[in-house]
Amino acid sequence: MRVIGIDPPTGWAILEMRAGTQRPLFVDCDVAPDWDQIPWWRDDIVLVAVEGAVFFFPSDARKGTAGNTLAAKAQALWEAAKMGQRVYGAALRSGVAAVEITSPKWRRHLGVRVGGRQNAAAAALGLRRATVDVEVAAALKLRVEGWPARSNDTVRDAAGVAIGGYAKWMAERGQRRSG
């Protein structure tokens, strides 16, 4: 089954989740010029996974580049969240299954640190004190068959959203069946 993960505002990755293996197969990825050009509507897409809204703390503004103000960063995050909600809502209205997952949750599904601990994939590749983006890249190289040698952080995050969103969706389906 094919899952598209979306890292708002316009990053996306399609992975094939295969029965009998924990390793999804890479299908495609890109950054679309606008939210309505993300190919969630393709006939082969069974699940749309969208990164949910993130929490924003004033300390995050101090970590940004010079000139980034709290208001500007908050506005950018708000605009990205709205784009993700547009795709999520469009998928649901058209009858395609959709799920939201926050970045800390999909990162846990990849085994990437949340709150300061380095992941096993980065350690296995000999990366010390790696950034979260580097850890996500390392985890995808190990976990996704055919992952491209070069990718940007937006499509890597979208692939993480696809993996975590699929796991969340499967868990929710299992709960409904047993309940």
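Guide: Two strands count as paired if DSSP finds at least two bridges between them. Strands (E, at least two residues) and helices (H or I, at least four) are DSSP runs numbered from the N terminus. This is a predicted model, in which local features need pLDDT of at least 70 and side-chain atom pairs count only at pLDDT 80 or more, while totals for chains, interfaces and linings use all residues. Residues are numbered from 1 along each chain as its sequence is written, and side-chain values use heavy atoms, with hydrogens and water left out.

Visitor: What makes S1 and S2 a pair?

Guide: Strand S1 and strand S2 (residues 11–16) share 6 bridges in the antiparallel sense, where at least two are required, so they pair. In S2, Trp12 is the bridge partner of Ile6. The two strands form a hairpin, with 3 residues between them.

Visitor: How do you know that S1 pairs with S4?

Guide: S1 (residues 2–7) and S4 (residues 45–51) have 5 bridges, in the parallel sense. Val3 has Leu47 in S4 as its bridge partner, and Ile6 stands opposite Val50 in S4.

Visitor: Why are S3 and S5 called edge strands?

Guide: The open sheet has 5 strands in the order S3-S2-S1-S4-S5, with mixed pairing. S3 (25–31) and S5 (97–101) each have a single partner strand, so one side of each lacks a neighbour in the sheet.

Visitor: Why is S1 described as largely enclosed?

Guide: Buried means under 20% relative accessible area (exposed is over 50%, partly exposed in between; 1.4 Å probe, protein chains only). In S1, 5 of the 6 residues are buried, so the rest of the structure largely encloses this strand.

Visitor: How do you know that the length of H5 agrees with its residue count?

Guide: The expected span is 1.5 Å times one less than the number of residues. Helix H5 (residues 132–143) has 12 residues and should span 16 Å; its end C-alpha atoms are 16 Å apart, which agrees. Among its buried residues are Val136 and Leu140.

Visitor: What makes a group of residues a nonpolar core?

Guide: Its members are buried Ala, Val, Leu, Ile, Met, Phe, Trp, Tyr and Cys residues joined through side-chain atoms within 4.5 Å. The largest one here has 25 residues, and Leu15, Leu140 and Ile163 are among those with the most contacts inside it. Helix H6 gives the largest share, 7 residues. A second, separate core of 16 residues includes Trp12 and Val48.

Visitor: Which residues does Ile163 touch?

Guide: Contact means heavy atoms within 4.5 Å. Leaving out residues up to four places away in sequence, Ile163 touches Leu15, Met17, Pro24, Leu110, Leu140, Arg143 and Val144.
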